[in-house]
4 protein chains.
Amino acid sequence: MAERRLQFHPPTSVESYPFAHRLRTRFAETDAMGIVHHGAYLTYLEAARVEYLRALGYPYERVRDEGIDFSVIEVAVRYQVPLRFDEEVDVAVRVASAKGATFQMEYLLLVAGEVRADAATVHAAVTHGGRPTRPPAWIRSILAEGPPR
Amino acid sequence: MAERRLQFHPPTSVESYPFAHRLRTRFAETDAMGIVHHGAYLTYLEAARVEYLRALGYPYERVRDEGIDFSVIEVAVRYQVPLRFDEEVDVAVRVASAKGATFQMEYLLLVAGEVRADAATVHAAVTHGGRPTRPPAWIRSILAEGPPR
Amino acid sequence: MAERRLQFHPPTSVESYPFAHRLRTRFAETDAMGIVHHGAYLTYLEAARVEYLRALGYPYERVRDEGIDFSVIEVAVRYQVPLRFDEEVDVAVRVASAKGATFQMEYLLLVAGEVRADAATVHAAVTHGGRPTRPPAWIRSILAEGPPR
Amino acid sequence: MAERRLQFHPPTSVESYPFAHRLRTRFAETDAMGIVHHGAYLTYLEAARVEYLRALGYPYERVRDEGIDFSVIEVAVRYQVPLRFDEEVDVAVRVASAKGATFQMEYLLLVAGEVRADAATVHAAVTHGGRPTRPPAWIRSILAEGPPR
């Protein structure tokens, strides 16, 4: 039977990412294998997205004030070297692509420069009522020109 | 810029799965968008894995008694229709493939027969010391013959 | 310096509780000490509250349909014997008292009859706008007469 | 029926605390009432404890290297004003008392100087084997002299 593995390819060099958010792993996020539980990584990606948007001048409230929510429609994570309690993690993040109502973000998680995991998320821009809508212009402009910083 | 989407294809019919675990979403798992947070799905997949192994005669302790742990090395989830608080979810699960030290599981999440999400996880069999090892024979026999029930 | 310990006294016999909800601890809820993380207990209490209300004929939606939310204003837990992964826990729950806009619930957590923890929560009945309101009559009637079962 | 409320009295002025840890609430920690879920507060207390110990010169690894773990044996939280997504929270923390093998810590959670919650936790010093042991001298010296800074 053929092996099936995920096909997604975030850049493996941190220089390819315009932004990184540093956080420290919490004890509550560990599990009985003595490492950070794989589910906690999704909250790390989310925290990095929020901080990246803030750095771009779009804190969450401003996004919502424009009548937009970003729902998560796909997530993929590749766990390479386990994270452990009390480690400082740099979560590098970038907008990778956009098409129609959706856009994809990519991530690299590193500790002291060592890659521990990479990830991708796909988001849909939706109205507060939940209807798909075009991603806002500032997301499309990040894609066209790179981040405005 | 090309759209990038995940390529994984769990069967979309619940009949293709040998086992399903029913759970009820918890209020703690919801978020401020009023739906179940996307991160909670990983704990649902894990609960379904554990119950499936138990149904196969391999509760967690027995796996560990054989000197084995299953680490999670990849996760992918496609969110189709949001789960809401207090819904009863059927998490259908199957072993999809195995190769060398890794094996893949696939999932379908349904509420009252409606598909809400699908997912795949890739696992490595490791010794308690964390070294890769061949998946146990009973996993390989599930793959070769289908589940022993 | 005087020792300070919490003063709350849920009944220590499961017979004093009108209802118990059984759940199984999840791997995601464990921590690197190899036991269930102390924070996970709050989600167990909440799940037991929800199931108790359902058993009384008040599933969450019906509570909300009456224009009421129950906010948590105090929580206390006493951890006696650690819970471990994959254990089946009986969370016994009762309404202990009510006064004005608040009411208190008490809990006993047991595995195979052995007490592992006890707990108390205090709740305020609030309108959807967040204003304090009198607990609904059915909560007050549980207090006056005991549970209607 | 008498009202029962928790009796614990952390100082209500932030000046009474030798240390505060600032964190930002995460979206994953919110719930469908649009506020931070009450369970998430326990992880905030834990993060503040870890950072306080680090500031005292006792990062977690050093504690464990001394053969000690701190298990949580009691938790109490009083929720006063809800925390919301993306708020910056100062978690003030102090060692309040110690007796025999246990010690108590107290907390005040503030946003921009406004108290949102207070809390207390009781801990037992245990060996890695889980047997009660006296709290280490440095905890007892904090109690006797105040924090060494």
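Tutor: Start with A:Gly39, which sits in the loop between strand 1 (19-24) and helix 1 of chain A. Keep in mind that this is a predicted model.

Student: Why does A:Gly39 count as buried?

Tutor: A residue is buried if 20 or more other C-beta atoms lie within 10 Å of its own. A:Gly39 has 24 such neighbours inside 10 Å, so it counts as buried.

Student: What does A:Gly39 touch, leaving out residues up to four places away in sequence?

Tutor: Its contacts are B:Gly39, B:Leu42, B:Thr43 and C:Ala28. A contact needs C-beta atoms within 7 Å. As for A:Val77, it is 38 residues from A:Gly39 along the chain, and their C-alpha atoms are separated by 9.7 Å.

Student: What is the fold order of chain A?

Tutor: From the N terminus, the elements run β-α-α-β-β-β-β-α. That gives 3 helices and 5 strands.

Student: How do you know that the radius of gyration of chain A agrees with a compact globule?

Tutor: For 149 residues, a compact globule would have a radius near 15 Å. Chain A has 16 Å, so the two agree. The C-alpha trace spans about 45 × 40 × 30 Å along its principal axes. Of the 149 residues in chain A, 43% are buried. Take the contacts in chain A between residues at least 6 apart in sequence: 68% of them join residues at least 24 apart.

Student: How does the span of helix 1 of chain A compare with the expected span?

Tutor: Helix 1 has 16 residues. At 1.5 Å a residue, 22 Å is expected from first C-alpha to last. The helix reaches 23 Å, close to that value. Its buried residues are A:Ala40, A:Tyr41, A:Leu42, A:Tyr44, A:Leu45, A:Glu46, A:Ala48, A:Arg49, A:Val50 and A:Tyr52. Just after the helix, A:Gly57 takes a positive phi of about 95°.

Student: What about helix 1 of chain C?

Tutor: Helix 1 of chain C covers residues 40-55 and reaches 23 Å, close to the 22 Å expected. Among its buried residues are C:Glu46 and C:Arg49. Just after this helix, C:Gly57 has a positive phi of about 95°.

Student: What makes the phi of B:Ala112 worth a remark?

Tutor: Most residues other than glycine have a negative phi. B:Ala112 is not a glycine, yet its phi is positive, about 50°. It lies in the loop between strand 4 (102-111) and strand 5 (114-127) of chain B. D:Ala112 also has a positive phi of about 50° and is not a glycine. Its place is the loop between strand 4 (102-111) and strand 5 (114-127) of chain D.

Student: Why is C:Gln104 called buried?

Tutor: The count is 24 other C-beta atoms within 10 Å. The cut-off is 20, so C:Gln104 is buried. It lies in strand 4 (residues 102-111) of chain C. C:Pro59 is 45 residues from it in sequence and 19 Å away in space, C-alpha to C-alpha.

Student: Which residues have the most contacts inside the largest nonpolar core?

Tutor: That core has 86 residues, and A:Val91, A:Tyr107, B:Val91 and B:Tyr107 have the most contacts inside it. Apart from it lies another core, of 84 residues, including C:Ala32 and D:Leu108. Beyond its neighbours within four places in sequence, A:Val91 has contacts that include A:Leu23, A:Leu45 and A:Tyr107.

Student: How many residues of chain A are in contact with chain D?

Tutor: 11 residues of chain A are in contact with 11 of chain D. Helix 1 of chain A gives the largest share of its side, 4 residues. That side divides into 7 nonpolar, 1 polar and 3 charged residues.

Notes: Residues numbered from 1 in each chain as written. Chains lettered and ligands numbered in written order. Predicted model: local features only at pLDDT ≥ 70, side-chain atom pairs only at ≥ 80, totals over all residues. Helix = DSSP H or I, 4+ residues; strand = E, 2+ residues; numbered from the N terminus. Rg over C-alpha atoms; globule rule 2.2 N^0.38 Å. Buried ≥ 20, exposed ≤ 12 C-beta atoms within 10 Å, placed from the backbone. Contact = placed C-beta atoms within 7 Å. Core = buried A, V, L, I, M, F, W, Y, C linked by C-beta atoms within 7 Å. Expected span 1.5 Å × (residues − 1). Nonpolar A, V, L, I, M, F, W, Y, C, P; charged D, E, K, R; others polar.
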